[in-house]
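Here are a few exercises to work through with the model open beside you. Take your time with each task before reading its solution.

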Amino acid sequence: MPRVGNQSSSAVNPGVFALPGEPAFWTFIAADSGLFALLFLQYCLDRASHLQGFIAEQSTLAAGIAVVNTVILVTSSWALAVAVQHASGGDRRLARQLVFTTSALGACFAALKVVEYILEIRAGHSFVAGTFFMYYFIITGIHLVHLLIGVLALTFIGARCVRDSESSRDTVILECGASYWHLIDLLWMFIFPLTYLAR
Amino acid sequence: MTPYEARLVRLSAWSCFLFILLFGVFWGVLGRNIPPYPPDMPAADLAAVYRAHAATLRIGFSVGAVSCAFLATWAIGLFRIMLKIERDGQILSYVQLVGGVLTVIFTTYTCTILLAAAFRPEQDPAQIRMLFDLAWLTLDLGFGVTTMQYIAFGVVAIGDEREKPLFPKWLAWLGIWVSLEFLVEIIMPYFRTGPFSWLGMFPYWLAFFGPFAWMTSVAVWMLKAADRLEAEYASENAPRAPRPQTTI
């Protein structure tokens with residue numbers, strides 16, 4: 001995530017590395033990353049012991065939708081990174097619009113994910129259809145819940161914390177929101193290859 | 001915080017340690033719940049265990065049920081400290097208190113359900129397994145009130161405006177994460193084996209030992225907070241030096 005201007009914690013102490021947003025919030029991010037790391041590890045272990053079954057079921061996924069969703073999520077992260085840059089000392093109106101753009105792109109991701117779920121369920125691939133689809137629905141489902149929380153949080157942040165007058169508290173909240181959103185993006189960068197591409 | 005109140009808050013913090021110790025030893029070890037028997041265990045095998053160990057299971061679940069009361073006293077002590085942090089309305093402090101007290105009901109009730117299975121171990125094995133299922137489903141799916149408690153505490157602790165907060169903010173965020181990790185219990189009823197079943201990594205090892213570690217940390221900082229609040233009270237109420245008398 002790009003550093004923000006005069007209100008960021010590192011700018012207060014130039015030359016000193018500081019985490020974006022509230023440092024304590026990174027405990028949440030670290031714990032959440034740990035949870036996903038365990039999920040990925042468990043998935044890889046089960047995949048290794050049922051490799052042929054996993055590959056056969058993986059090949060039936062609608063990978064096209066996942067590719068579009070990847071582009072959507074990367075674009076949303078870029079928009080939010082630019083928003084954070086503009087929020088401190090830049091064009092705050094543009095920053096607010098970019099935060100809302102991120103939320104809207106997140107909502108698009110969620111809508112496409114629901115379409116994907118409907119297609120899979122109609123094809124007979126339900127949550128209890130097999131080990132691969134169990135993991136597919138659990139991992140992408142937990143990620144989707146994270147994303148929906150992020151959409152709500154960013155909509156709130158855009159409405160309440162990117163105002164015309166600048167305050168250090170608002171900047172910290174925006175940086176926390178951006179850190180969380182980048183985590184969602186980063187997790188998808190593991191989920192996409194693991195569930196859709198790995199052969 | 002007056003010295004009397006600080007003393008009681010310290011006791012409430014110690015009651016958290018006591019709960020974890022008693023619940024761990026009696027419900028966990030004597031009640032044979034570390035780890036629990038798997039959901040796919042045949043009813044006859046489970047009934048055989050309950051018949052063979054009925055005596056230790058009964059004492060385990062009886063003391064386990066009683067020990068849950070210490071969870072309530074912990075929540076009350078935490079509530080009193082939160083009142084000193086939450087400036088306006090103090091609704092979240094009450095949410096924490098209610099969430100903590102309702103968690104007591106779920107945990108106590110779970111112990112008594114298991115006790116019912118151990119009380120008549122000669123009964124139909126299918127009934128023993130049904131009681132066992134009921135206990136685990138109740139315990140795992142009763143997390144909603146606990147989530148409410150942890151999030152309310154987290155929001156208040158994060159909003160602490162003291163230069164040095166009474167509770168570290170990382171602990172508050174960790175509590176919020178722990179409470180949200182409970183959500184994995186929602187998918188637990190779909191599985192009888194594997195990492196998402198009630199003895200799996202996510203619904204059991206993470207969702208039980210995570211909160212116990214977190215509660216222990218909160219109780220440690222409650223002891224520190226009680227000391228600080230008592231010192232604050234003492235400095236606010238210290239007798240002032242008499243004014244020098246002026247003579248005309």
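**Exercise 1.** Which residues of the largest nonpolar core touch the most other members?

*Solution.* Keep in mind that this is a predicted model. Start with the core itself, which has 116 residues. Within that set, B:Leu78, B:Leu114 and B:Met222 touch the most other members. Next, ask which element supplies the core: its largest share, 13 residues, comes from helix H6 (residues 131–160) of chain A. Finally, pick out B:Leu114 and set aside residues up to four places away in sequence; B:Leu114 then touches B:Gly31, B:Phe61, B:Leu131 and B:Ala135.

**Exercise 2.** Find the buried residues of H3(B) and work out where they sit around the helix axis.

*Solution.* Begin with the length of the helix. Helix H3 (residues 54–67) of chain B has 14 residues, and at 1.5 Å a residue these should span 20 Å. Now list the buried residues: B:Leu57, B:Gly60, B:Phe61, B:Gly64, B:Ala65 and B:Ser67. Looking down the axis of H3(B), you find them within an arc of 160 degrees, so they line one face of the helix. To finish, see what covers them: the cover includes helix H1 (3–30), helix H2 (43–52), helix H4 (69–85) and helix H5 (91–119) of chain B.

**Exercise 3.** Describe chain A, then the side of it that touches chain B.

*Solution.* Chain A has seven helices and zero strands. Of its 199 residues, 35% are buried. Among contacts in chain A with a separation of 6 or more, 78% join residues 24 or more positions apart.

Turn now to the partner chain. Here, 13 residues of chain A are in contact with twelve residues of chain B. Helix H2 (residues 25–49) of chain A gives the largest share of the chain A side, eight residues. Sorted by class, that side has nine nonpolar, two polar and two charged residues.

Definitions and conventions:
Residues numbered from 1 in each chain as written. Chains lettered and ligands numbered in written order. Predicted model: local features only at pLDDT ≥ 70, side-chain atom pairs only at ≥ 80, totals over all residues. Contact = placed C-beta atoms within 7 Å. Helix = DSSP H or I, 4+ residues; strand = E, 2+ residues; numbered from the N terminus. Nonpolar A, V, L, I, M, F, W, Y, C, P; charged D, E, K, R; others polar. Buried ≥ 20, exposed ≤ 12 C-beta atoms within 10 Å, placed from the backbone. Expected span 1.5 Å × (residues − 1). Arc of directions from axis to C-beta. Core = buried A, V, L, I, M, F, W, Y, C linked by C-beta atoms within 7 Å.
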